[in-house]
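Please find below a colleague's note on the model shown here. It is set out as numbered points.

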Amino acid sequence: MSEPESLRCSSARNRGGVQRVEGKLRASVEKGDYYEAHQMYRTLFFRYMSQAKHAEARELMYNGALLFFSYNQQNSAADLSMLVLEVLEKSETKVEDEILEGLAKLFSLMDQNSPERVAFVSRALKWSTGGSGKLGHPKLHQLLAVTLWKEQNYSESRYHFLHSSDGEGCAQMLVEYSASRGFRSEVDMFVAQAVLQFLCLKNKNSASVVFSTYTEKHPSIEKGPPFVQPLLNFIWFLLLAVEGGKLTVFTVLCEQYQPSLKRDPMYNEYLDRIGQLFFGVPPKQSPSYGGLLGNLLNSLMGSGEDDDGAEEAQEDSSPIELD
């Protein structure tokens, strides 16, 4: 028997073994022997890991978590979900869309208010960037954002959209967010904040897409540009100025629209950062926030940039809040 044939036979045997084990475990769960089944899953996990059978361990834990979720055994399901992440970490598995989609599936089934869910998503995001300290793979952020959007957790969804590359999805979520939770007088503020934050993360493309999609789809915004709302006109001009890169245009624009920019005290903080990133404006000498909070906000700002951008963010003394 040739080596490829031998490997295929070995893989088939392993798969058959996993299927037989899963059948026995499923039977235990169906009988209501949840604790016993959970302990068996854990025993098999450590056995597979000790034998470096990482693919089998991951598959068994993933399917086991789905099984426990289907019986509303949240604690057991969450525990096996964390073991899925442990396999990924210890086997140094490469990031693939299929794996990210599986992690997002587990996240979507977890109790929305459980501490386990918070721990799971934090660890999943860390794994998805190879422990680099950045805040997660854009694809995983996008999948999480969509799940949270479906749960009408708009604030958390917006955070994850900001760290994805899905400007269109972000805009559609913001339209729904504005229509269901905001005042009519604030329709311009929902998209203005998102555009400014995307620009602070050096994501010009998503900033443009979120603006154009939001203004086209929001039922309370008349067709433009120009727009009825001055703040929307400012954002439109700002996006054009960012493409042009002329400091004088940026400066005049910010001066002329100060009445609109005073509606949210954070706008000028965002614009300070945008001025540094796109127009060569030197950073402020004194930070707006200090201590632990300032460090936290700086780390948020560095998360969406490339390595050079991250270094710039660390050197910059003007942190920005992206919540």
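This is a predicted model: local features need pLDDT of at least 70, side-chain atom pairs count only at pLDDT 80 or more; totals for chains, interfaces and linings use all residues.

1. Residues are numbered from 1 along each chain as its sequence is written, and side-chain values use heavy atoms, with hydrogens and water left out.

2. The protein has 17 helices and 0 strands (DSSP runs numbered from the N terminus: helices are H or I of at least four residues, strands E of at least two). Of its 323 residues, 47% count as buried (buried is under 20% relative accessible area, exposed over 50%, partly exposed in between; 1.4 Å probe, protein chains only). The accessible surface is about 16,400 Å², and carbon and sulfur atoms hold 50% of that (Shrake-Rupley method, 1.4 Å probe). Among contacts with a separation of 6 or more, 63% are between residues 24 or more positions apart (contact: heavy atoms within 4.5 Å).

3. Helix H8 spans residues 154-162 and is mostly covered, with 7 of its 9 residues buried. The buried residues include Tyr154, Arg158 and Phe161.

4. Asp188 belongs to helix H10 (residues 187-200) and is buried, at 3% relative accessible area. Leaving out residues up to four places away in sequence, Asp188 touches Gln229, Leu231, Leu232 and Arg263.

5. The salt bridges number 8 (a side-chain nitrogen of Lys or Arg within 4 Å of a carboxyl oxygen of Asp or Glu). One of them joins Asp79 and Arg42 at 2.7 Å, N to O. Asp79 lies in helix H4 (residues 74-90) and Arg42 in helix H2 (residues 34-50), so this pair ties together parts 37 residues apart in sequence. Asp79 is partly exposed at 22% relative accessible area, as is Arg42 at 24%.

6. Lys90 forms a salt bridge with Glu86, with the closest N and O atoms 2.9 Å apart. The two are 4 residues apart in helix H4, about one helical turn. Lys90 is exposed, with a relative accessible area of 56%, whereas Glu86 is buried, at 16%.

7. Glu151 and Arg117 also form a salt bridge, the closest N and O atoms being 2.6 Å apart. This pair links distant parts of the chain, 34 residues apart: Glu151 is in the loop between helix H7 (138-150) and H8, and Arg117 is in helix H6 (residues 115-128). Arg117 counts as buried, at 4% relative accessibility.
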